[in-house]
Amino acid sequence: MDLSAINPVLLIASLMVAATPLLLAAIGELVVEKSGVLNLGVEGMMITGAIAGFATAVESGSPLLGFIAAAFAGAALSILFAILTQFAQANQVASGLSLTLFGLGLSALMGQSYVGIKPPQMGDIHIPVLSDLPVVGPIIFGHDIILYFGIALTAAVWWVLKYSRIGLVLRAVGENHDAAHALGYKVIRIRIAAIMFGGACAGLGGAYISLIRVPQWTEGMTAGIGWIALALVVFASWKPWRALLGAYLFGGVTVVQLNLQAAGVAIPVEYLAMSPYLITIIVLVILSADKSSAPASLGRNFHASR
Amino acid sequence: MTVPLLSLQGLTKAYPGVVANDTVSFDIGEGEVHALLGENGAGKSTLVKMIYGLVKPDSGQMLLRGQPFAPAEPRQARADGIAMVFQHFSLFDALNVAENIALGMENPPEMRDLAARIREVSETYGLPLDPFRTVGDLSAGERQRVEIIRCLLQDPKLLIMDEPTSVLTPQEVDILFETLQKLRSEGTSILYISHKLEEIRTLCDHATILRLGKNVGECTPSETSARDMAEMMVGSTLQTPQRASREFGDVAMDISGLSVPAPSAFGTALKNVHLTVRKGEILGIGGVAGNGQDELLGVLSGETLTEADAVKLHGQPIGKLGPTARRHLGVLAAPEERLGHAAAPDMSLTENAMLTGSVREGLEKNGFLDWGKTKEFAERIIKAFDVRTPGPGNAARSLSGGNLQKFVIGREVLQDPDVLVVNQPTWGVDAAAAASIRQSLLDLAAKGAAVICISQDLDELMEISDSFAALNEGRLSAPREAMGLTVDEIGLMMGGAHGMEVAHV
């Protein structure tokens with residue numbers, strides 16, 4: 001066992017990379033749930049984003065184009081969910097689950113010819129002087145642009161929900177859709193917009209795995225991150241910064257356990273592999289003890305006739 | 001005569017199977033308090049929704065100060081100076097007061113400025129409110145203030161109020177009326193919907209009466225007796241419940257020193273509750289909603305279990321028995337929430353009759369259900385309580401609120417209980433049906449049952465109860481004989497005016 005091989009600076013830097021897909025998906029789902037919709041299809045939208053982004057990046061040679069395509073693919077898949085639940089009044093849980101199954105199958109089909117290919121690299125940003133600083137440089141100033149985008153998105157969502165008119169209306173729709181309708185807000189329209197935002201974020205998160213984190217394409221490569229994102233939203237009490245904390249914690253434990261595996265610690269690999277899920281859930285359960293309540297209309301379909 | 005503020009001309013709105021409004025016409029003058037009266041299902045709500053732009057009329061037109069007025073959505077109605085306080089509060093529990101108010105405005109100012117304006121307006125009209133409190137923590141009266149202030153901030157020309165006083169203490173009602181009088185003196189017109197005829201007589205200048213969607217008459221409330229107005233609403237002579245003098249028997253149910261923690265974050269804890277009710281007695285429990293009524297019903301019905309000794313039936317401890325065991329012993333309950341608590345909305349009336357009747361009516365044998373007998377039982381309820389429905393096979397959800405309420409109460413009354421607990425037995429029920437429900441409770445007591453009637457309708461409690469106690473923040477006042485209690489005394493028992501004060505200007 002050789003723990004000295006673990007470099008704390010690299011560890012923190014790679015933790016942020018490991019956390020970003022989860023963060024993106026969770027922030028998207030957080031907005032969806034704040035509007036009162038429960039979309040269990042995050043995993044399906046992520047994997048669809050992963051292959052759409054991968055394929056586009058390979059064909060065009062531009063990872064950035066790949067990310068844009070991933071966002072569109074995730075949003076497109078989420079429109080399917082929106083049509084089912086908002087117009088056809090289908091059950092949200094069943095629709096979300098089938099969206100995940102559909103996404104997994106669709107991505108496997110789309111990805112058949114992309115197995116084993118290396119995608120074009122997305123360069124890390126490099127700021128002269130700052131990025132060369134010891135310790136701080138690689139941790140704060142040496143990442144790719146999507147990672148910063150994830151953090152900026154968290155801040156933006158927090159600000160919008162807390163201080164803006166749009167955020168207030170969104171929360172109102174999720175809290176009591178009948179009252180929001182009585183006040184003249186377009187419940188269905190607002191929810192569809194939120195669902196599409198969530199789909200785009202999940203797509204970005206998926207592409208982050210296939211283009212940066214891994215980077216290659218394998219079937220089912222999101223490996224349950226979408227489900228963790230769903231749990232994260234609940235245990236983060238629908239608070240953006242807490243979702244960020246949870247995502248980093250999950251990323252951190254993932255990276256540490258990989259390092260421990262590499263260092264040959266005498267704990268069975270299975271235990272190490274399950275530790276990120278376990279620890280994240282435990283910490284967030286403790287954090288969520290304040291019982292900040294879920295949006296009151298969460299998962300309930302709205303029909304204007306009442 | 002000058003041009004009226006709002007003139008309705010031949011408004012008609014039909015839904016599949018019912019005509020909600022049939023060529024309704026009337027005028028609301030400037031600075032007039034106009035009452036809209038009618039039984040349940042008379043079409044009051046639909047009419048008001050048309051004025052507020054939530055529903056489009058099929059035919060007919062509205063004129064606002066002589067100009068054609070056809071709001072496509074509430075936003076447009078609000079822009080034209082029409083504001084509405086809803087019957088079921090349209091508030092968002094998890095948001096604070098200022099956020100709730102901002103949602104009802106077209107161009108809300110900055111939060112800080114808005115908070116200052118809320119303070120200013122609320123103090124001017126004697127309705128103090130802290131803009132940053134979470135609405136879920138407010139009492140019903142305070143929530144209504146939020147709605148009213150939301151309307152007042154838009155300087156409305158017409159304020160529509162749908163059953164505003166059903167959740168207020170008498171003192172709060174007085175203060176609300178002062179506020180409304182002040183608004184009238186400033187030239188605001190008010191369209192006031194209520195079941196409570198005495199309120200309409202003191203407050204309103206003019207009344208329009210709807211029956212089955214038609215305008216059946218108008219009157220000047222201050223010159224018409226409440227009884228005449230009720231008969232115009234119903235279209236027939238009204239039976240007042242008759243109470244025979246009764247002898248009380250032994251103590252039937254007894255609760256002593258009962259404390260129960262709040263079941264949820266927005267619930268109320270019961271604190272040291274004592275009550276006894278004798279055979280043949282009706283105990284009325286008043287109080288504003290949210291002061292522990294639901295929790296008390298849960299304790300009495302067996303949904304919430306307590307220490308065995310805390311609840312006693314004929315001296316036997318039953319605190320640890322669940323609802324079914326209590327039904328065996330003759331303790332029945334009809335909760336307030338009709339859809340979802342008292343009845344399963346998507347099940348038929350027969351199935352709903354089975355749900356609470358199986359124990360006492362012998363509707364199941366060895367685990368098998370006797371549907372024939374259940375159907376008979378359901379039909380018996382429908383007949384005895386004049387429930388208007390095509391038959392017992394219809395879903396509970398398809399009945400109007402008042403009809404379902406008759407069914408829910410009738411189902412328990414016909415099971416011949418020893419102790420019957422009801423919460424809000426006539427809530428949202430029209431005058432005639434309410435009278436028959438009250439009469440059935442009185443008859444039940446005359447047969448020797450003990451009845452506990454939890455209600456927010458004080459007139460109802462005064463009409464039927466022998467003794468009266470009030471719930472306030474989970475505490476139950478000492479019961480007093482109901483005869484001769486004055487409204488002021490009751491108000492004080494209910495906890496006074498919750499910090500309201502009379503308008504300052």
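**Notebook: the A–B interface and the nonpolar cores**

I first looked up the area buried between chain B and chain A, which is about 1500 Å², with carbon and sulfur atoms giving 60%; buried area is the accessible area (1.4 Å probe) lost by two parts on being put together, summed over both. I note that this is a predicted model, in which local features need pLDDT of at least 70, side-chain atom pairs count only at pLDDT 80 or more, and totals for chains, interfaces and linings use all residues. Residues are numbered from 1 along each chain as its sequence is written, chains are lettered from A in the order in which they are written, and side-chain values use heavy atoms, with hydrogens and water left out.

I then listed contacts (heavy atoms within 4.5 Å): 22 residues of chain B meet 15 residues of chain A. I found two salt bridges between the chains, taken as a side-chain nitrogen of Lys or Arg within 4 Å of a carboxyl oxygen of Asp or Glu. B:E73 forms a salt bridge with A:K186, the closest N and O atoms being 3.2 Å apart.

I turned next to the nonpolar cores, which are sets of buried (under 20% relative accessible area, 1.4 Å probe, protein chains only) Ala, Val, Leu, Ile, Met, Phe, Trp, Tyr and Cys residues joined through side-chain atoms within 4.5 Å. The largest has 73 residues, and A:L22, A:V42, A:F67 and A:W217 have the most contacts inside it. Apart from this core lies another, of 60 residues, including A:Y185 and B:F177.

Notes. Buried < 20%, exposed > 50% of the residue type's maximum accessible area, 1.4 Å probe, protein only.
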